[in-house]
Amino acid sequence: MRISLYQKGLFYFLLIAASVLMFFPIVYAVLASLMTSEEIMTGKLFPASFRFDNFTLALKSVPLMKFMLNSLIISLTVMLGQIIVCCLAAYAIVFIPFKGRNFIFFLLISTMMIPWEATMIPNYLTIVGLNWVNTYQGLSLPFFALAFGVFLLRQHFLTLPHELHESAQLEGCGRLRYLVSFVIPLSMPMLSALGVYGFLTTWNMYLWPLLTTTNNNVRTVQIGLKMMQAQETNTNWPVVMAGVVIVLVPTLLFLFLSLKQLRRGLMSGALKG
Amino acid sequence: MSPIGKDLPRNKDSGLRLLTVGLLYLSPMLIFMLVFTFYPMLKTLYYSFYTTNAHGIPVLFVGLDNYIQLFQSDSFLTSLRGTFLYVLYTVPLGVAIAFFLAIISSERLRGIQFFRVIFSSTIGVSVAAGSMIFLFLFHPSIGFLNHVLDWIGLAPIHWLTNPKWALISVAATSVWMGIGFNYIILLGGIQGIPEDMYESAKIDGAGYWVRLFRITLPMVSPTLFFVIIVTVIHSFQSFGQIDILTKGGPAESTNLIVYSIYQNAFIHYKFGIASAQAIILFLIVLIATIIQFKVGEKKVHYQ
């Protein structure tokens, strides 16, 4: 829509006001992480000088770097696991014309209706039974089968030219080779969308790591933040905010860099769902 | 996995062979689904008819007693009422704000990309990080919100410990954290509207508001509906913000359904009751999803 100069001004005013309000909690967390306790008490908005001591203190109080590494390992594992499992499943549903594939697709999609929390008690008992508490596999394997991922990839695979598949088969190109050397390269945008989605949701996961971790070896950053809160009765807020900032900055950077992929993934889920 | 089908001419692709190959490719998916979705879902249903000991082993079949007990307990009814109230607080407001942001940032203006990134940003804020920031903002004596109240001469509010305010405060936190996701989808919906619809409306002399209400709103309504349903489902599943902000208190006013499941199962080791609650949660989500499908079918007609 083309708009007048007056409208333009109005839009910029609204945009700026909304941005300030929206981003305020994050900005305030960053500012608070640079303040002294006294400055927090008096309700200052800006620190008199930038103090980075809070960050060193935050890293000393809870092993956030170790937790960050754990989160990274778990998120990457889930991301790769989801991509492989979903790719194979979607490939079978789209390219292998066996009987009952539509039923299986429907069955997989119907699990999107099951809230994860409805299965968490037996899943927890399974993990305990397997002796997988405090392990990376216990934290990541339950999330490999992502029905949404199969849905997303199936929609995309259906748009790939079918003739290509047929001629490749005639020339003796195996299915797995076809998947790896044609389907996957042609689906990179969709796969990266799925990857970003899987990575972010795993990184931000809270309840499952809370249940299945009891020591610092495998804990994730999200649980680290909870620990900072619980540690002292007289919470040192600038230090806690420093911890929040340490956790927040990598995800926000990752989000800003991958926003395009994520939007594409969420959109194709929304418009066809 | 072995190179199935390699060097085999197509005429050997019999039905049985295709089925085997197909299932082989699907097997990782199906195995994970079986172990971590289908089996536990049935197991939850099974547990909901039993009382269990501390190790989660069912000891006594009680039929529907767990359900009856739940619907007769004030605690569960409070939790259910709180959950529905919370959904009512978060969904309309959260979707409305995201929609407003999507509308003002769908114009082609210089630097619009910057605003779009800002409005999407909360999708990168984890529940734990977002809740910690709000825990700080809500702090009764040093929190920023009460500093603001102080500046304008109002009495401080105990945001998280006053039963009147706690649920609203938790809901406000959730609204803020949910904006990014809703915004991204709604903006995509608005951008999917063909430009020429606006052009022809403009030739007909339609002003900004007419275009907004006659074109944008109807065209984006399927997306809007999708966002509402997803937000409703998501709201029913809220946990982290409650665990960090209020732990279900004060006076159980924020003891929403998933938090209540967590407490019953993992604090009190009442797996039977907790499983019955989980089944009720499942049914609520199921109903929300069915509504989405029903209305989703209709949307195909007018496009």
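This is a predicted model: local features need pLDDT of at least 70, side-chain atom pairs count only at pLDDT 80 or more; totals for chains, interfaces and linings use all residues.

Residues are numbered from 1 along each chain as its sequence is written, chains are lettered from A in the order in which they are written, and side-chain values use heavy atoms, leaving out hydrogens and water.

Stop 1: UniProt's unreviewed entry lists "transmembrane region" for several stretches of chain A, including residues 72-96 and 103-127. Select 72-96 of chain A: this span is 96% helix and 0% strand, with its end C-alpha atoms 35 Å apart. Now try 103-127 of chain A, which is 64% helix and 0% strand, with 30 Å between the end C-alpha atoms. (Helices are DSSP runs of H or I, at least four residues; strands are runs of E, at least two; both are numbered from the N terminus.)

Stop 2: Residues 84-105 of chain B are 95% helix, and the end C-alpha atoms are 31 Å apart. Residues 271-293 of chain B come out at 100% helix, with the ends 32 Å apart, C-alpha to C-alpha.

**Stop 3: where the chains meet.** Show both chains. How many residues of chain A are in contact with chain B? It's 96, facing 101 residues of chain B, where contact means heavy atoms within 4.5 Å. The buried area is about 9,200 Å², and carbon and sulfur atoms give 77% of that. (Buried area is the accessible area, with a 1.4 Å probe, that two parts lose on being put together, summed over both.)

**Stop 4: a charged pair.** Select Asp243(B) and Lys226(A): their side chains meet in a salt bridge, 2.8 Å from N to O. That term means a side-chain nitrogen of Lys or Arg within 4 Å of a carboxyl oxygen of Asp or Glu. The count between chain A and chain B is 1 salt bridge, while the whole structure has 3. Asp243(B) lies in helix H10 (residues 240-245) of chain B and Lys226(A) in helix H13 (residues 221-231) of chain A, so the pair joins two chains.

Definitions and conventions
UniProt positions are given in the numbering used here, feature names are shortened, and annotations may be inferred rather than shown by experiment.
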